[in-house]
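Here's a quick briefing for anyone opening this structure for the first time. Take a look at it, then read on for its aromatic residues and its core.

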Amino acid sequence: MTKKTNTARVTQEYTVPYGSNSLRLSGTEWILVAILCVALFFLGPVLWGYVEKFQPDPSYRLPYELGSDYWLYNRYSRWASSRYGTVVVGDSVVWGHYVSKDHTLSAYLGEDAGQNRFANLGVDGI
């Protein structure tokens, strides 16, 4: 006894694009996307520095919560070194862990000098 198998052949071609998205990028378009992403990655922080205003008060110190934000520390150190004659760098002793920002080492040094020319670049927890 022989079995009859029905092998149905599909004669109609389906033109369904591969994947689920209807937008397809060519090789050139992918290269342009990659260039744009790399440019935003490297130029984004620089452009953001111009967009966001950063003008701290004379007794500014990095907030405790942002002690590990190196971008903010870099920005503040550049800003402070261009405006103050002396920057005081250190750990929690310089930062003033248990005191207000008006009672830090840099604030007292500014009082003794008669003018506020000391910037507090201390970071708590270094």
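Rings of Phe, Tyr and Trp (its six-membered ring) pair up if their centres lie within 6.5 Å; planes under 30 degrees apart count as stacked, over 60 as edge-to-face and the rest as tilted. With that rule, Phe54, Tyr60, Tyr76, Trp79 and Tyr84 form one aromatic cluster. This is a predicted model, where local features need pLDDT of at least 70, side-chain atom pairs count only at pLDDT 80 or more, and totals for chains, interfaces and linings use all residues. Residues are numbered from 1 along each chain as its sequence is written, and side-chain values use heavy atoms, leaving out hydrogens and water.

**Aromatic pairs**
- The count comes to eight aromatic pairs.
- Phe54 and Tyr76 make an edge-to-face pair, because their ring centres are 6.3 Å apart and their planes sit at 80°.
- Trp79 and Tyr84 are edge-to-face too, at 6.1 Å centre to centre with 65° between the planes.

**Buried residues**
- Buried means under 20% relative accessible area, exposed over 50%, and partly exposed in between (1.4 Å probe, protein chains only).
- Trp79, with a relative accessible area of 13%, is therefore buried.
- Tyr84 is buried as well, with 12%.
- Phe54 and Tyr76 are both buried.

**Contacts**
- Leaving aside residues up to four places away in sequence, Tyr76 touches Phe54, Pro56, Tyr60, Ala119, Asn120 and Leu121 (contact means heavy atoms within 4.5 Å).
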